[in-house]
Amino acid sequence: MVDVHEYLATAARAASGHLSGLSAAPVWRPTPPELRAELAGQALPEDGLDAGGLLDYAASRVLAYPMGNGHPAFFGWVNAAPHPAGIAGAVLAAAMNPSSAGGDHADVYLERAAVRWIAQLVGYPHETGAGLLTSGASMATIVAVGAARQRALDRAGWDVREHGLSGAPRLTAYASAEVHSCVGKAVELLGLGQANLRVVGDDGRGHLDPEALRALLEADRAAGAVPFLAVGSAGTVTTGAVDPLAAIAAVCAEEGLWFHVDGAYGAFGVLDPRIAARYAGMDLADSVALDPHKWLQVPAGVGCLLVRDRAQLRETFSLVPPYLRDDSGDPLGWYSEYGIEQTRPFRALPVWAAIAARGRRGVAADIAACTAAARLLAEFVEKDPDFELAAETEVSIVAFRYAPDGLDEAESDRITHALATAIQAGGKAFITDSRYRGRPVLRACIINPATGEDDLRLLLEEARDAAGALLAQR
Ligand SMILES: Cc1ncc(COP(=O)(O)O)c(C=O)c1O
């Protein structure tokens, strides 16, 4: 007989031990080669392990080698420290283990609230059913681009669901060079082709230029294409730049394009009154992709798509075979008619918990703590003779490079490029890099409200020491 209590009590002890020990441990350390081989190569056990043995193994071999994103000195990519309420919510969701595809069970109703709360947090208009939780923003983007493609081809008199794309009008989409790769992936996957994701010029500071958008789409239209979609970023992944959303929305409205906002990293920044004005126009989008598993600190695996018109999703994705018929009379139907997944995990509970534990005010305070920390780091960088900012800090990403006086640009690029790996190896802080306007940059992303001034100073000290060692290797 499996002892549920033993499993869960032991797992809870291991999880809380892991979390409480995080800040004293290295942010990250490489997995020893023998453990890599052991983890990946272990044999399928013929007989089962008991709960204690199994969880001991997980605690000693797995929890001991984390990615690092629970630690306050983790500045890499866009990966959150999970909120304790979100962790608890994830456990309860797994215990229930429904399929949130649809039907009459609590998870389905809770998702209505979770999606509406997300819309309310970012100030996006919401009617019930106009959105759903997804596996992440990449999936939310595929759903949004799919709906945009459906609407455009429908308007062009082409039934893409029946006939596919062969012989269809050539659709073109628009975004800046800074847009996240998930948009390109969606465009590829939906059969539109990267060549039809047109790169719109920017204002020199990484913001899409609405006039360049208008000029490019008019030229494409004159060449026989059907412009159908423009994507604005509410926080780009390299520098956190927020595109001029209202101006892009105006072009889209005049030109009949679907306006999608990628708010995966930055949309929740709108909760900080100091930067809220940057997001003007986000509420005008046809769709917004967000990521509760980033700045809302929900355990990984939860994105969200909000749409203006829920019918667009259902028209694109509803495909109900006889074995999934629903006679409940719910006019909204099932979530599985609004996206790609059929069996859907219970994502709403960790989202609901991570928001409910703090309320709007608490979530906003956490967001503001991160943007304040980012401004402080930007200030440290600006004042530091060894570093320079690569872009303005608009939300909570600080992009910078190593550039002491007297170091030429090529050498500054070489060191900056090598720095992220060197800092990571030190185990005290973790940062990742990118390229911006053709040059390497370190980018510190702050989405953990526990990140404090000491962590910021530590990051720069680690960067300085690692740069010194790299210079010495010349
Ligand atoms: C701006 C932006 N858009 C989209 C994504 C993709 O989101 P996900 O990893 O949840 O699929 C990310 C991920 O970091 C991102 O930063």
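Reader: Which atom of A137 lies 2.9 Å from an oxygen atom of the ligand?

Author: A polar contact is a pair of N or O atoms within 3.5 Å; within protein, one must be able to donate a hydrogen and the other to accept it, and residues adjacent in sequence count only if both atoms are side-chain atoms. For A137, a backbone N or O atom sits 2.9 Å from a ligand oxygen. This is a predicted model: local features need pLDDT of at least 70, side-chain atom pairs count only at pLDDT 80 or more, and totals for chains, interfaces and linings use all residues. Residues are numbered from 1 along each chain as its sequence is written, and side-chain values use heavy atoms, with hydrogens and water left out.

Reader: What do the side chains of S138 and D262 do at the ligand?

Author: An N or O atom in the S138 side chain is 2.6 Å from an oxygen atom of the ligand. In D262, a polar side-chain atom lies 2.6 Å from a ligand nitrogen. The protein buries 85% of the 390 Å² that the ligand exposes when taken alone. Such accessible areas come from the Shrake-Rupley method with a 1.4 Å probe; for residues, only the protein chains shown count as cover.

Reader: How many residues surround the ligand?

Author: A residue is near a molecule if one of its heavy atoms lies within 4 Å of it. Here 14 residues surround the ligand, and the closest are A137, S138, D262, D291 and H293. By class, the shell holds six nonpolar, five polar and three charged residues. Ala, Val, Leu, Ile, Met, Phe, Trp, Tyr, Cys and Pro count as nonpolar, Asp, Glu, Lys and Arg as charged, and the others, Gly among them, as polar.

Reader: Which residues touch the most other members of the largest nonpolar core?

Author: In soluble globular proteins, nonpolar side chains tend to be buried together. A nonpolar core is a set of buried Ala, Val, Leu, Ile, Met, Phe, Trp, Tyr and Cys residues joined through side-chain atoms within 4.5 Å. Buried means under 20% relative accessible area, exposed over 50%, partly exposed in between (1.4 Å probe, protein chains only). The largest core has 92 residues; I118, F268, M282 and F400 touch the most other members. Helix α13 (residues 359-383) gives the most to this core, with 10 residues. Helices (H or I, at least four residues) are DSSP runs, numbered from the N terminus. A second, separate core has 37 residues, including A140, A148, A175 and V183.

Reader: Is S412 buried or exposed?

Author: S412 is buried, because its relative accessible area is 3%. Helix α14 (residues 409-426) holds S412. Contact means heavy atoms within 4.5 Å. Leaving aside neighbours within four places in sequence, S412 is in contact with R401, Y402, A403, L407 and R439. A polar contact of 3.4 Å joins its side chain to that of R439.

Reader: Where does A249 lie?

Author: A249 is in helix α10 (residues 245-255). At 8% relative accessibility, A249 counts as buried. The C-alpha atoms of A249 and L284 are 6.3 Å apart, yet the two are 35 residues apart along the chain.

Reader: What is the phi of W77, and of N97?

Author: Most residues other than glycine have a negative phi. W77 has a positive phi of about 30°. W77 is in the loop between α3 (51-62) and α4 (84-96), and is partly exposed at 42% relative accessibility. Phi of N97 is also positive, near 50°. N97 lies in the loop between α4 and α5 (106-122). With a relative accessible area of 60%, N97 is exposed.

How values were computed
Helix = DSSP H or I, 4+ residues; strand = E, 2+ residues; numbered from the N terminus.
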